[in-house]
Amino acid sequence: MLLLCSLLGLLCSVLQAQDVSVSNRRTSNIGEDVTFSCTFSSTDPTVRVTQIMWMKGTAKLAVYNPQHGTYVEDPTHFQMVDQSENSATLKILRIRYTDEGEYLCEVTTFPGGNMKANTSMIVKATPQNSAEANTKVVAGDQEQVVATCNSVNGRPPARITWHATIPGNVSNNMVNNTDGTYTVVSQYLLTPTWTADGMPVTCIINYESTDYPIPLKLSVQYTPVVTIEGFDDNWHLHRNGVYLTCNGKGNPPPTSYIWKTADGSPLPASVRAKDNVLYVDEVDERVNRSFLCEVTNALGSRASRQDVLVREHAMQTQTNAGAIAGGVIGGILVLLLLAAIIFIVIKRGSLQSKKDRGTYNQKPRAFGTNKQSEQFTYQDDGELDKPLKGGVPMRDSGLSPSLGDEDYDEEEEEEERMKYKVLEDDEEEERFNEVGPMLQLRPHHPIDSYLDDDMESQTDGSIISRTAVYV
Ligand SMILES: *[C@@H]1O[C@H](CO)[C@@H](O)[C@H](O)[C@H]1NC(C)=O
Ligand SMILES: *[C@@H]1O[C@H](CO)[C@@H](O)[C@H](O)[C@H]1NC(C)=O
């Protein structure tokens, strides 16, 4: 047998193994009951358990002896349960945060001696979370607590943040409770204006890496804010069925609407006040005055004023539709005018070019250059509807309109146009491209066949396409 064991040493030691096993470490909530089992096991049936003892640190909690029974240090808090020949379970009643820590089970055997095993416990407490808007806030210029968020009796402590559309300040406070829990209180502060009333704000309580959002609506009390609508600035004598509506917004809600005249005289007989509406069955001179609407809630009263101007007669173009129609008609008129101008210009150009061919061929003129230039003249060749070709330089086109001395007005006009023609500024060119009358330039040359050439020779020696359109 010894030989066998020495040969199979590993196997023999496993067969003779003895062990103490305890419950795994755990996380528990305050107030729960928790049990930790402790079991001795051995492959050697001759080994006897004489004592099982649970300790926390060095403090003895409970001892079980198969012969002498059980001893518990604090029976109100600990029990020893499920005792057997080789196991005993510690039960902790209504755990407290002080129960957090390491637990040790020590087993005494005969003749084997002592063996130990340990485990541990973390104590937590789920907080009670709540949040509320402060309904007592009154609009003013002092910073006030408008909402409060609480995370009570949590362990570990919660963290509180806010999410709000209205910027404010946050004040956090944490209390270490005697039971090992923490109470976190977070306040949201701002200077309340009436516009903050009803605005959303969310308190976010983060406990153990989980967010618990609590949405709130702010409450800000304010005396009513008053607006009057219904006056369209076209109240004329004998108009029927007009009325003013008084809109009072307040927190708490308005309780009364009072219509008055601005000068304190009684309401004219031609109006009827009913709650927040002032009816005018038929407009007359007595309505030609200012009215006040006073709105009251629990906090106070505020009034708004509407000046009413009574006209002798209805305004003609009082509606938007009228304005639009007017605009459309105006636009059409402008287009017609433009068309007429273009027509006249084209016609004149056509006449002019006919005149030019006969009379003005021999007279060289150059603009912006001292070189001899090709002679150009206006010519209506019926291609005015062609799209414009951009990028053609203007400065070197030696325009040469021929003008009869007898037509002074026309000459003046033509000269004016020539000034534009010689402008070198690109921007100016563009502008005239957009608005000017379209005229095509052709070289005026004694040899008519030259006209058939597709290219035009420029004064600077370059050649440009003859079909370029100048404007
Ligand atoms: C409260 O507990 C926290 C975390 O345990 C600690 O940092 C803080 O000092 C304690 N505050 C007081 C007043 O005991
Ligand atoms: C209303 O009063 C204004 C002056 O406040 C006056 O110009 C106007 O003519 C009055 N309208 C009528 C219809 O009397």
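Select Arg311 to begin: at 24% relative accessibility, this residue counts as partly exposed, a class that lies between buried, under 20% relative accessible area, and exposed, over 50%, with a 1.4 Å probe and protein chains only. The model on screen is predicted, so local features need pLDDT of at least 70 and side-chain atom pairs count only at pLDDT 80 or more, while totals for chains, interfaces and linings use all residues. Residues are numbered from 1 along each chain as its sequence is written, chains are lettered from A and ligands numbered from 1 in the order in which they are written, and side-chain values use heavy atoms, with hydrogens and water left out.

Asp233 lies in the loop between β18 (222-229) and β19 (240-251) and Arg311 in the loop between β24 (300-307) and α3, so the pair ties together parts that are 78 residues apart in sequence. Helices (H or I, at least four residues) and strands (E, at least two) are DSSP runs, numbered from the N terminus. Asp233, at 33% relative accessibility, is likewise partly exposed.

Next, show ligand 2, which is surrounded by Asn288, Leu309, Val310 and Glu312, where a residue is taken as near if one of its heavy atoms lies within 4 Å. Of the ligand's own 360 Å², exposed when it is taken alone, the protein buries 49%, with accessible areas from the Shrake-Rupley method and a 1.4 Å probe; for residues, only the protein chains shown count as cover. Zoom in on Asn288, where a polar side-chain atom lies 2.3 Å from an oxygen atom of ligand 2, and then on Val310, where a backbone N or O atom lies 2.8 Å from a nitrogen atom of ligand 2.

Now move to Asp307 and Arg305, whose side chains meet in a salt bridge (2.8 Å, N to O). Asp307 is partly exposed at 42% relative accessibility, whereas Arg305, at 52%, counts as exposed.

For another charged pair, select Lys116 and Glu106, which form a salt bridge through their side chains (3.9 Å, N to O). Lys116 lies in strand β10 (residues 113-124) and Glu106 in strand β9 (residues 101-110), so the pair ties together parts that are 10 residues apart in sequence. Lys116 is exposed, with a relative accessible area of 55%, whereas Glu106 is buried at 13%. A search of the whole structure finds 10 salt bridges.

Stay on strand β10 and select Ser120, which is found there and is buried, with a relative accessible area of 5%.

Then go to Thr178 in the loop between β14 (169-176) and β15 (182-190), which at 79% relative accessibility counts as exposed. Thr178 and Asn153 are 25 residues apart in sequence, and their C-alpha atoms lie 10.0 Å apart in space.

Finish on helix α3 (residues 320-359), where Val334 is found. Select Val334 together with Leu335, Leu337, Leu338, Ile341 and Ile342, which make a nonpolar surface patch of about 580 Å². Patches are made of residues with over 30% relative accessible area and no salt bridge, with like charges joined within 9 Å and nonpolar side chains (Val, Leu, Ile, Met, Phe, Trp, Tyr) within 5 Å.

Terms used: A salt bridge is a side-chain nitrogen of Lys or Arg within 4 Å of a carboxyl oxygen of Asp or Glu. A polar contact is a pair of N or O atoms within 3.5 Å; within protein, one must be able to donate a hydrogen and the other to accept it, and residues adjacent in sequence count only if both atoms are side-chain atoms.
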